[in-house]
Amino acid sequence: MAETSVAGYAAGDIRSPVLKGLGRALAPWALPIVLLIAWEIAARTGLVTARLMPAPTTIAAAFWRSLLDGSLLFHTLASTQRALIGLVIGGGLGFVAGVVNGLWKPAETLFDSTLQMVRNIPPLALIPLVILWFGIDETAKIFLVSIGVFFPIYINTFYGVRTIDPQLVEMASVYGLDRKALIQRIILPGALPSILVGLRYALGFMWLTLIVAETISATNGIGYMTMNAREFLQTDVVLLGIIVYALLGKLADVATRAIEKRVLLWHPAYQVKQGDRQ
Amino acid sequence: MSAADLHEPESAGGLPIALTRVEKSFGRLSVLGNLNLEIPAGQFLAVVGRSGGGKSTLMRLVAGLDTASSGGVSIGGRKVERLHPAVRLLFQEARLVPWQRVGENVGIARGVDWQARARRVLADVGLEGRENDWPTVLSGGQRQRVALARALVSAPQILLLDEPFGALDALTRIEMHRLLEQIWSDRGFTTVLITHDVAEAVALADRVIVLKEGGIALDIDIDLERPRQELADPRAVDLQRQILEAV
Ligand SMILES: Nc1ncnc2c1ncn2[C@@H]1O[C@H](COP(=O)(O)OP(=O)(O)OP(=O)(O)O)[C@@H](O)[C@H]1O
Ligand SMILES: [Mg+2]
């Protein structure tokens, strides 16, 4: 990569490296910006029905209004709180189950095939049952989110623990590591890349289950906000809700990437080489 | 419970190893049959033999990683029943923990003052100041040096080496020979080196045995003065020929 840019420079490219860097940083945004402008024009000229597809500026206005009256923050916080509680419960259980079943054969024999069976039920198929059990209060939504995040974390933790290099484990026992040290220093760190893959999937499932759960029964949260807006035909608010979901999803992804970068420093794939850009 | 606490002195000397009527089979496959072998304390023994001849099996028995089908292995006069804390192993692969830095790998058993001890042995194996590197950035030879340092940090009385230099290039291998020979003569641990390389065996060992069809086909002392020149010496060449004939 360095070579091509040097070659380009030698071939008479006189733009400064700063401008070039700026150009490269802005390039990924070019298409979305063009699309936004086209959309705005189409909405204003009546090419698309503004009631079904309001212009970006209308959505921006809806954003501004909901920001000022505090409703956006209120609903976003409500959703985020549910998501995080569900993640901690479901993810925590998935992690523990993955470690225990991965390390201890009897536990695997006892639980794994059952879990694999349950895994094939889409969490959303449980909604009617969950409403019967918990009604439509918080518990129902947190329960669904927990189930949604449990399996990706469980499966990837189990896999990570199981695929630890047996030669390393043997080495560790030759060098006198007891079981606790073995788990702490060899097995869990070794399983970590896989666990983080599980976390990435789990975050995806987390928002997905939450959206659906909130659209069905809630009195707050982004899902409620959009469903409520639909009843009043506020398409701009519906779109705003969708955008907020997208942003929250992106934020979760950025957070896990940052964690990966920090904790997988040792991994050749994460060692930042000189001159590499992310 | 860490071995490092038990063996703090840096030159703990060696322990004798004795195998009496050792047999080992895997299912129907008999790998070692009625093997008797006495290794005096501090001796440098090399074991050569064909691939699949049971060399690694022998080593795993001595290390206590496996148990004999019959007969027994004893270290320092005591029967080996489990991993002996004074025994350290070097494998063909370095087996470094990739997510621990070089210093942490060397001090894997932790114990008192492990960081300082790790730094000291790293300097002994020629890797001074590399304790904060990740294993992935090291060369093959450097990785084996780290593995050697990891074995040495707890001042073992027996060092078992299962072809640790097999994957290295010729020059690096000779460097590692010098290093091993020097550390061994400083510290005096009993050493068992498994190797395919007859020249390596003659260059390093006090004694070479050839393992063949589950028994000892040749047991020969190498009475060459140290430090040894790897090539040239006609006596060494003659010994190599004798061993090769027995393999
Ligand atoms: N755990 C095991 N189960 C079954 N067979 C085994 C096991 N370990 C070793 N063997 C068999 O025992 C024989 C000797 O193996 P060993 O690893 O000791 O040979 P080796 O002399 O070290 O060979 P190499 O020089 O190739 O390393 C081989 O035939 C091997 O297949
Ligand atoms: Mg072998």
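The model is a predicted one, in which local features need pLDDT of at least 70 and side-chain atom pairs count only at pLDDT 80 or more, while totals for chains, interfaces and linings use all residues. Residues are numbered from 1 along each chain as its sequence is written, chains are lettered from A and ligands numbered from 1 in the order in which they are written, and side-chain values use heavy atoms, with hydrogens and water left out.

We begin with the ligand. Ligand 1 is surrounded by 13 residues, and the closest are B:S51, B:G52, B:K55, B:S56 and B:T57; a residue counts as near when one of its heavy atoms lies within 4 Å of the molecule. By class, this shell holds seven polar, three nonpolar and three charged residues, where Ala, Val, Leu, Ile, Met, Phe, Trp, Tyr, Cys and Pro count as nonpolar, Asp, Glu, Lys and Arg as charged, and the others, Gly among them, as polar. Two elements of chain B, β2 (29-39) and α2 (55-63), each supply at least two residues of the shell, and α2(B) gives the most, with three residues; helices (H or I, at least four residues) and strands (E, at least two) are DSSP runs, numbered from the N terminus.

For B:K55, a polar side-chain atom is 2.7 Å from an oxygen atom of ligand 1. Taken alone, ligand 1 exposes 630 Å², and the protein buries 58% of that, with accessible areas taken from the Shrake-Rupley method with a 1.4 Å probe.

We now turn to the interface. In chain A, 16 residues are in contact with 24 residues of chain B, contact meaning heavy atoms within 4.5 Å. Between them the two chains bury about 2000 Å², 64% of it on carbon and sulfur atoms; buried area is the accessible area (1.4 Å probe) that two parts lose on being put together, summed over both. In chain A, the residues A:Y175, A:R185 and A:W266 lose the most area to chain B, together 36% of what that side buries.

Across this interface the rule finds two salt bridges, each a side-chain nitrogen of Lys or Arg within 4 Å of a carboxyl oxygen of Asp or Glu. The side chains of B:R60 and A:E170 meet in a salt bridge, at 2.7 Å from N to O.

Technical notes: Polar contact = N/O pair within 3.5 Å; in protein donor to acceptor, adjacent residues only side chain to side chain.
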